[in-house]
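Subject: Structure for your review

Dear colleague,

Please find below the structure that I would like to hand over to you. My notes on it follow directly after.

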Amino acid sequence: MTIRVVIADDQMMVREGFSVLLNAMPDIEVAGEAVNGREAVARVRELAPDVVLMDIRMPEMNGIEATREIIAADATAKVLVLTTFDLDEYVYQALRAGASGFLLKDASARQLADGVRVVASGEALLAPTVTKRLIHEFSRLSEAPRLMPAAHAAYGELTERETEVLVLIAQGLSNSEIAGRLVVADSTIKTHVSRILVKLGLRDRTQAAVFAYEARLVTPG
């Protein structure tokens with residue numbers, strides 16, 4: 001199954017470079033490009049891609065606002081944020097807006113393709129170091145309004161094991177790592193993750209991680 005991608009970046013060299021790299025992959029197709037956030041929203045509506053590679057700093061409408069509009073429209077597209085610095089404060093705002101992860105612009109062809117595949121599959125693309133900084137960022141924003149009131153209302157429906165899995169997701173562990181930590185099969189963890197998302201009405205693992213921060217299930221240590 002081919003993963004269809006839209007690349008949103010105001011720099012032509014970045015768009016063309018990523019297009020060449022991704023189109024060289026047998027399972028990925030660049031369906032369209034956008035030069036700003038407003039155009040990215042329109043391309044998603046028009047092309048219904050699986051993944052959007054979204055630059056944060058763009059004219060007319062930035063990547064954070066575009067991500068928020070795409071998520072609000074209930075588009076099936078997953079947003080993968082592009083950034084120059086992994087400590088960019090805007091990365092955290094983009095994740096709060098609904099992005100499924102982020103990727104550095106100097107990523108290799110393999111990292112780029114793997115990132116697209118990971119996000120398209122519903123996984124979160126969050127390195128543990130980024131997860132730790134996210135925890136601190138959400139701690140700093142403790143007075144910020146909750147983004148997922150419906151999820152908070154449904155939190156009590158989670159079982160003890162599902163809550164445990166949710167915390168490990170928020171700590172940046174993959175399904176395999178969680179399975180190893182809890183000494184169960186990978187398939188068991190996949191089932192738990194699916195049930196967590198359904199019960200809380202969340203799109204993907206990244207939203208689950210954001211929810212865990214909001215609910216203070218994970219705190220700075």
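I begin with A42, which is located in helix α2. This is a predicted model, and the remarks below should be read with that in mind. The relative accessible area of A42 is 30%, so this residue counts as partly exposed. Along the chain, A42 and A66 are 24 residues apart, and 9.7 Å separates their C-alpha atoms.

The protein as a whole

The protein contains eleven helices and five strands. Of its 221 residues, 49% are buried. When contacts between residues at least 6 apart in sequence are considered, 68% of them join residues at least 24 apart.

Helix α2 spans residues 37-47, and its buried residues are G37, A40, V41 and V44. These residues lie on the same side of α2, because they cover an arc of only 100° around the axis. Among the elements that cover them are the strands β1 (3-8), β2 (28-34) and β3 (51-55), together with helix α3 (63-72).

Both ends of α2 deserve a remark. The N-terminal end is capped by N36, which has a side-chain oxygen 3.1 Å from the backbone nitrogen of R38. At the other end, α2 is followed by A48, which sits in the loop between α2 and β3. The phi of A48 is near 50°, a positive value in a residue other than glycine. Most residues other than glycine have a negative phi. With a relative accessibility of 48%, A48 counts as partly exposed.

Helix α3

In α3, the buried residues are G63, I64, A66, T67, I70 and I71. Viewed down the helix axis, they fall within an arc of 160°, and they therefore line one face of α3. At the start of this helix, a side-chain oxygen of N62 comes to within 3.0 Å of the backbone nitrogen of I64.

In soluble globular proteins, nonpolar side chains tend to be buried together. The largest nonpolar core here has 25 residues, and V165, L166, I178, I189, L200 and L202 have the most contacts inside it. Two or more residues of this core come from each of α7 (149-154), α8 (160-170), α9 (175-182), α10 (186-200) and α11 (205-214). Helix α8 gives the largest share, with six residues.

Leaving aside residues up to four places away in sequence, I178 touches V165, L168, I169, L173, I189 and R205. There is also a second, separate core, made up of 22 residues, among them V41, M61, V79 and A97.

Helix α8 is mostly covered, as eight of its eleven residues are buried. The buried residues are E162, T163, V165, L166, V167, L168, I169 and A170. Just after α8, G172 has a positive phi of about 90°.

How do α8 and α10 lie relative to each other, parallel or perpendicular? Their axes come within 10 Å and cross at roughly 95°. The two helices are therefore roughly perpendicular to each other. On the α8 side, the contact is made by R161, E162, V165, L166 and I169. On the α10 side, the residues that make it are I189, H192, V193, R195, I196, K199 and L200.

N175 belongs to helix α9. Is N175 buried or exposed? Its relative accessible area is 9%, and N175 is therefore buried. Not counting residues up to four places away in sequence, N175 touches E123, D186, I189, K190, V193 and R205. Of these, I189 and R205 are also touched by I178.

V183 lies in the loop between α9 and α10. Although V183 is not a glycine, its phi is positive, at about 55°. Its relative accessibility is 71%, so V183 counts as exposed.

With kind regards

How values were computed. Residues are numbered from 1 along each chain as its sequence is written. This is a predicted model: local features need pLDDT of at least 70, side-chain atom pairs count only at pLDDT 80 or more; totals for chains, interfaces and linings use all residues. Side-chain values use heavy atoms; hydrogens and water are left out. Buried means under 20% relative accessible area, exposed over 50%, partly exposed in between (1.4 Å probe, protein chains only). Helices (H or I, at least four residues) and strands (E, at least two) are DSSP runs, numbered from the N terminus. The arc is that of the directions from the helix axis to the C-beta atoms. Contact means heavy atoms within 4.5 Å. A polar contact is a pair of N or O atoms within 3.5 Å; within protein, one must be able to donate a hydrogen and the other to accept it, and residues adjacent in sequence count only if both atoms are side-chain atoms. A nonpolar core is a set of buried Ala, Val, Leu, Ile, Met, Phe, Trp, Tyr and Cys residues joined through side-chain atoms within 4.5 Å. Axes are lines fitted to C-alpha atoms, for helices over the stretch in contact, and angles run from 0 to 180 degrees between N-to-C directions. Angles under 35 degrees count as roughly parallel, over 145 as roughly antiparallel, 65 to 115 as roughly perpendicular and the rest as oblique.
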